Amino acid sequence: MIQITPSVPLTTAKPRYELLDGLRGVAALLVVWYHVFEAFATSPIDQNFNHGYLAVDFFFALSGFVIGYAYDDRWRKGMTSGKFMLRRVIRLHPMVIAGVVLGLIAFIIQGCEKWDGTAVSTHAVILSFILGLILIPALPGTLPEVRGNGEMFPLNGPSWSLFFEYIGSIAYAFILHRLSTKALKVVVILTGLGLAAAATLNMSGTYHIGMGWTVGDYGFFSGLLRMSFSFSMGLLISRVFKPRKIRAAFWICSAIMIAVMCVPYVGGETMPVLNGVYDSVCAIIVFPIVLYIGACGTTTDRVTRNICEFFGNISYPVYIIQYPLMYLFYSWIWKHGYTFAQTWHVAVGIFLGAIALAWILLKVYDEPVRRYLTNRFVKKSNG
């Protein structure tokens, strides 16, 4: 389960990085396929489209970059921590709510039972739903952890990354924006070393960089560490960024991301530590380079511009609403023991359906709600 969040608020007067919007959408669509192939894996080692989970690190870096670009110079002009967090809540939370509602519907369709078939009580489902709405994690083995596999947010698993996105936003509002560039570099170095050590010393148990979707074991720490490094790295890049003209940047970056996420588990069962090394290199070196190239590029033709606009628009909605569809897909696959070859057409339908549903929710729910809240609270507070 991985993460994507939109970073630029509706109220920013600065030009958008259209190309970065497009890349966010590319990665969001890759996430859908990563989750599709989870249905057919028996372990992290044999999953096809193996490294899709790394997209979360790119998204955290992208978030840090665009937040730094949008807000770093506003603190001297009256921006406060409260005003900043209000904008973040308005930008993020409407779709968080939509994702949990869809997750509740999917759970009811599945019969309100855990993955092992154990029935779940109505009050446990209600409690899980309420906690999901306000992004309070469910502890493993407790009443609201209704799926029984340790998810922080069992009605919509990807909400875990929004939980850490909020932590990153709070850290920026109260600490990171105050740091000098030199101090921020120290944060990046220390968290980068910690990230590499955690991946190569097998703190996850499978030589992953860490999944972050559970509070137990290494999960919470891995999510916090991944966010801390990548968000701080993105923020640092926004401060020291000196653009150079790079042609075809969107296509170059898209190709890199697709290639990175399609790589099988590195090292197999004989040398799994190589997978930890691979994850570390991607998060610490490859994705910052992709972010820099993407920020240097511009959309110079109508086709690329339209693609970036569309991908950027559906990126967050498609990420946050696709997993309830996956819950139903997993339940169906596991019940009948189907293979991908037998169900690829269903997978394609889910992919296209997630895009269509994301677009509909964006237009009829997310944008109108954010517009209302912005007019009601943000513009009013600005006087």
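Guide: Gladly! A salt bridge here is a side-chain nitrogen of Lys or Arg within 4 Å of a carboxyl oxygen of Asp or Glu. This is a predicted model, and the structure holds 7 salt bridges.

Visitor: Why is the pair R16 and D21 called a salt bridge?

Guide: The closest N and O atoms of R16 and D21 are 3.0 Å apart; the cut-off is 4 Å, so the pair qualifies. Side chains of opposite charge can pair when their charged atoms come close.

Visitor: What links R16, D21 and R24?

Guide: A network of salt bridges links them. R24 also pairs with D21, with 3.1 Å between the closest N and O atoms. Both R24 and D21 sit in helix 1 (residues 18-38), 3 residues apart, about one turn of the helix.

Visitor: Which side chain meets D72 in a salt bridge?

Guide: That of R239, at 3.1 Å from N to O. This pair links distant parts of the chain: R239 belongs to helix 7 (residues 219-240), while D72 is in the loop between helix 2 (55-71) and helix 3 (81-109), 167 residues apart.

Visitor: Why does D72 count as buried, but R239 as partly exposed?

Guide: The cut-off is 20%: D72 has 19% relative accessibility, so D72 is buried. R239 has 23%, so R239 is partly exposed.

Key
Residues are numbered from 1 along each chain as its sequence is written. This is a predicted model: local features need pLDDT of at least 70, side-chain atom pairs count only at pLDDT 80 or more; totals for chains, interfaces and linings use all residues. Side-chain values use heavy atoms; hydrogens and water are left out. Helices (H or I, at least four residues) and strands (E, at least two) are DSSP runs, numbered from the N terminus. Buried means under 20% relative accessible area, exposed over 50%, partly exposed in between (1.4 Å probe, protein chains only).
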